[in-house]
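Work through the exercises below with the sequence and the model open. Each task is followed by its solution.

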Amino acid sequence: MNNFTFWSPTKFVFGRDTESLTGDLVKQFGGKKALIVYGGGSVVRSGLLDRVKKSLDDAGVAWEEMGGICPNPTDDRVYEGIGLVRAHGIDFLLAVGGGSVIDTAKGIACGVPYEGDFWDFYCGKKVVATAMPVGVVLTIPAAGSEGSGNSVITKKDGLIKLSLRTESALRPRFAVMNPELTFTLPPYQTACGIVDMMAHIFERYFSNTPGCETTDRVAEGLLTAIMGEARKVIDSPLDYEARANIMWSSTLAHNGLCGTGRVEDWASHFIEHELSAIYDVAHGAGLAVVNPAWMTYVVRTNPSKVAQFAVRVMGVVPGEKSEREIAVEGIARLKSFYRSIGMPVTLGELGIAEPDIDRLVAKLHEHKGNPIGGYVKLTPADTEQIYKLML
């Protein structure tokens with residue numbers, strides 16, 4: 001196990017009706033005027049947005065709003081938000097929604113105090129030193145952005161989708177998490193979130209760092225819980241306990257806990273980011289295609305951890321099988337699980353009939369370097385084969 005620092009300062013306020021506490025929480029963390037950032041119409045139709053506004057009003061917190069944030073959020077909305085904050089004297093960002101909304105708020109948060117272009121942080125030219133405070137009212141358990149210092153934004157010019165990782169600057173001050181707010185999520189969106197949180201665990205679990213048994217078991221326990229609860233929420237969307245377990249799992253999957261003491265991978269996310277940047281597919285659905293293809297490729301040279309996953313999480317009985325055979329059986333079971341919750345496992349099923357693999361590979365390594373990954377180092381020749389395995 002490697003030396004590590006684990007930093008997770010977010011205040012999580014979990015349970016029924018907790019959105020009524022939003023105003024007091026903003027005030028507790030110094031907010032006097034908030035910009036409410038939200039997505040589509042669901043927070044309006046459900047009445048959540050009005051309840052949040054009332055909570056702010058009751059706490060004496062003034063507010064402005066910026067709605068219409070779309071999945072795979074783009075830089076133009078970040079620039080718009082930066083302008084609103086500066087024009088209206090806003091001192092707090094309140095994201096009401098899922099990962100796209102939270103990531104947009106984080107982009108605004110780092111952009112406001114910076115004199116240059118906020119994109120400098122995402123493309124690696126600058127490191128975030130200071131940022132505005134962000135709070136979250138979570139409606140979609142998936143990205144885990146409510147408990148992480150990470151953000152992903154797509155630059156519309158060139159369709160460049162990049163992630164930004166910070167240890168503390170962009171971690172939300174608080175996250176309000178009411179599982180009842182997820183009752184009306186469509187099954188497809190629920191399933192996309194489930195795949196996304198599993199992928200966040202995979203990126204940390206598939207590591208060559210030895211001596212991480214405790215962290216391995218945390219990751220395996222979370223994966224087992226997610227898969228068990230997934231079937232419940234798909235079959236019974238109003239099952240509060242299942243929704244609660246899924247919501248909390250999404251946070252634990254991405255707050256850094258599963259990566260403690262080890263070198264992480266992240267190749268699958270990089271590979272998927274090009275798919276969703278170019279073809280605008282749902283991130284979780286893209287990962288359902290990418291993850292099994294990546295596993296299938298890496299077991300050719302490094303099957304050990306995939307075999308461990310197959311036995312401990314997917315229930316493969318080793319018998320007389322080789323490590324590679326065990327791993328392959330585990331991957332097949334993972335694909336069956338994804339299909340059982342309505343997820344695609346090929347590019348065709350994802351709606352990409354004729355992918356431009358040459359373009360995907362070129363953009364991937366232009367943005368992320370050569371090689372990528374930690375579990376197996378991947379060159380353009382390798383990632384080309386992984387994209388082809390998705391066909």
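**Exercise 1.** Which residue just after helix 15 takes a positive phi?

Solution. G369 does, with a phi of about 90 degrees. Helices and strands here are DSSP runs (helices H or I, at least four residues; strands E, at least two), numbered from the N terminus. The model is predicted: local features need pLDDT of at least 70, side-chain atom pairs count only at pLDDT 80 or more, and totals for chains, interfaces and linings use all residues. Residues are numbered from 1 along each chain as its sequence is written, and side-chain values use heavy atoms, with hydrogens and water left out.

**Exercise 2.** Check the span of helix 15 and find what its buried residues pack against.

Solution. The expected span is 1.5 Å times one less than the number of residues. For the 12 residues 357-368 of helix 15 this gives 16 Å, and the end C-alpha atoms are 16 Å apart, so the two agree. Next, list the buried residues (under 20% relative accessible area, with exposed over 50% and partly exposed in between; 1.4 Å probe, protein chains only). In helix 15 they are I357, L360, V361, K363, L364, H365 and H367. These pack against strand 7 (160-165), helix 10 (267-279) and helix 16 (380-389), where contact means heavy atoms within 4.5 Å.

**Exercise 3.** Describe helix 9 from its start to the residue that follows it.

Solution. At the start, a side-chain oxygen of D239 reaches to within 3.2 Å of the backbone nitrogen of E241. The 15 residues of helix 9 (240-254) should span 21 Å, and the end C-alpha atoms are 22 Å apart, which agrees. Of the 15 residues, 12 are buried, among them Y240, R243, M247 and H254. Their cover includes strand 1 (11-14), strand 5 (134-138), helix 7 (187-205) and helix 8 (213-235). After helix 9 comes G256, with a positive phi near 105 degrees.

**Exercise 4.** Is K53 buried or exposed, and which residues does K53 touch?

Solution. K53 lies in helix 3 (residues 48-58). Its relative accessible area is 13%, so K53 is buried. Not counting residues up to four places away in sequence, K53 touches I36, W63 and E65.

**Exercise 5.** Which residues have the most contacts inside the largest nonpolar core?

Solution. A nonpolar core is a set of buried Ala, Val, Leu, Ile, Met, Phe, Trp, Tyr and Cys residues joined through side-chain atoms within 4.5 Å. The largest has 71 residues, and M198, F309, Y338 and M390 have the most contacts inside it. Apart from it lies another core of 37 residues, including V85 and Y122.

Definitions and conventions
Polar contact = N/O pair within 3.5 Å; in protein donor to acceptor, adjacent residues only side chain to side chain.
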